[in-house]
Amino acid sequence: MSNERLRVAVIVGSTRATRFADTIVRWFNSQVEQRDDLTLDVIDLRDTPLPTVQQSESMAGSNYVSPDVQRFAARLGIADAFLVVTPEYNHGYPASLKLAIDSVHQEWKAKPVGFISYGGSSGGLRAVEQLRTVFSEMHTVTVRDAVSFHFARTQFDDNGEPRDPNRANSAAKRLLDELVWWARILHEARTRAPYIW
């Protein structure tokens, strides 16, 4: 696995029509394109219909009743790692993101999760701290470093580029390097001994 590209699912958590996530995801994708160790699958929850009434089978493993959940689970299942792009709404993360997390179960296990957050004065970090607790319950490993944008709309110019590219690009590289390390270690561990909990 050491020379293979890792599959990273980027989950865009906001479904608001006026969201700022699109600018951040475009910039972040440009950072990943400079690397030769990652392949991205951007999962935009705005375009991913998930039922709000869930079947009990979803908590038992991978036998999902809804075809929409089956498709979502398949994309997560082949991922080696996850990156969650989340805003902070009212000191928390979006309901659409909680629905996505709770819709599947087995596909999250023993994989790393990184965060890119944005918001007002906190830069979305309050949402990230809540998500760390949730993802711990899903048996993931959340990486320490995150990328956050305080007062995000002021941090990018009219072309969607960071006003402080050195800081933003350095933070992205640190996050991705850490995510890759964990993804490779956990992939090898799952290969040697399936995670059964």
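In this predicted model, the side chain of Lys-109 comes within 2.2 Å of the backbone oxygen of Trp-197. Lys-109 is placed in the loop between helix 3 and strand 4, and although Lys-109 is buried, no salt bridge is formed by this residue, Glu-107 being the nearest side chain of opposite charge at 9.1 Å. When residues up to four places away in sequence are set aside, Lys-109 touches Met-138, His-139, Arg-190, Tyr-195 and Trp-197.

One of these partners, His-139, is located in the loop between helix 4 and strand 5 (141-142) and counts as partly exposed, with a relative accessibility of 28%. Apart from neighbours within four places in sequence, His-139 is in contact with Trp-108, Lys-109, Ala-110, Lys-111, Tyr-195 and Trp-197. A polar contact of 2.7 Å joins the side chain of His-139 to that of Tyr-195. By contrast, the C-alpha atoms of His-139 and Phe-28, which are 111 residues apart along the chain, are separated by 26 Å.

Aromatic pairing was examined next. The structure contains eleven aromatic pairs. Among them, Trp-108 and Phe-135 adopt an edge-to-face arrangement, with 5.3 Å between the ring centres and 80 degrees between the planes. This pair connects distant parts of the chain, since Trp-108 belongs to the loop between helix 3 (95-103) and strand 4 (112-119), whereas Phe-135 belongs to helix 4 (residues 125-137), 27 residues apart. Both members are buried, Trp-108 at 1% relative accessibility and Phe-135 at 0%. Tyr-195 and Trp-197 form a further edge-to-face pair, with a centre-to-centre distance of 5.1 Å and an angle of 65 degrees between the planes. Here Tyr-195 is partly exposed at 31% relative accessibility, while Trp-197 is exposed, having a relative accessible area of 59%. Elsewhere, ring pairs join Phe-20, Trp-27, Phe-28, Tyr-118, Phe-149 and Phe-156 into a cluster. A ring is also involved in the placement of Arg-16, which lies over the face of Tyr-89 at 3.6 Å from the ring centre.

Salt bridges number 13 in the model. One of them joins the side chains of Lys-98 and Asp-102, with an N to O distance of 2.6 Å; these residues are separated by about one helical turn because they are four residues apart in helix 3. Both are partly exposed, Lys-98 with a relative accessible area of 30% and Asp-102 with 25%. A corresponding spacing occurs in helix 5 (residues 165-192), where Asp-177 and Lys-173 are four residues apart and hence about one helical turn from each other, and their side chains meet in a salt bridge of 2.6 Å, N to O. Asp-177 is partly exposed at 32% relative accessibility. In helix 4, Arg-132 and Glu-129 are three residues apart, about one turn of the helix, and they form a salt bridge in which the closest N and O atoms are 3.5 Å apart. Arg-132 is buried, with a relative accessible area of 16%, whereas Glu-129 is partly exposed, with 48%.

Finally, Gln-31 is placed in helix 1 (residues 21-32) and is buried, with a relative accessible area of 11%. Beyond neighbours within four places in sequence, Gln-31 is in contact with Asn-169 and Ala-172.

Technical notes. Residues are numbered from 1 along each chain as its sequence is written. This is a predicted model: local features need pLDDT of at least 70, side-chain atom pairs count only at pLDDT 80 or more; totals for chains, interfaces and linings use all residues. Side-chain values use heavy atoms; hydrogens and water are left out. Rings of Phe, Tyr and Trp (its six-membered ring) pair if their centres lie within 6.5 Å; planes under 30 degrees apart count as stacked, over 60 as edge-to-face and the rest as tilted. Helices (H or I, at least four residues) and strands (E, at least two) are DSSP runs, numbered from the N terminus. Buried means under 20% relative accessible area, exposed over 50%, partly exposed in between (1.4 Å probe, protein chains only). A charge sits over a ring if NZ of Lys or CZ of Arg is within 6 Å of the ring centre and within 35 degrees of the ring normal. Lys and Arg count as positive and Asp and Glu as negative; His and the chain ends are not counted. A salt bridge is a side-chain nitrogen of Lys or Arg within 4 Å of a carboxyl oxygen of Asp or Glu. A polar contact is a pair of N or O atoms within 3.5 Å; within protein, one must be able to donate a hydrogen and the other to accept it, and residues adjacent in sequence count only if both atoms are side-chain atoms. Contact means heavy atoms within 4.5 Å.
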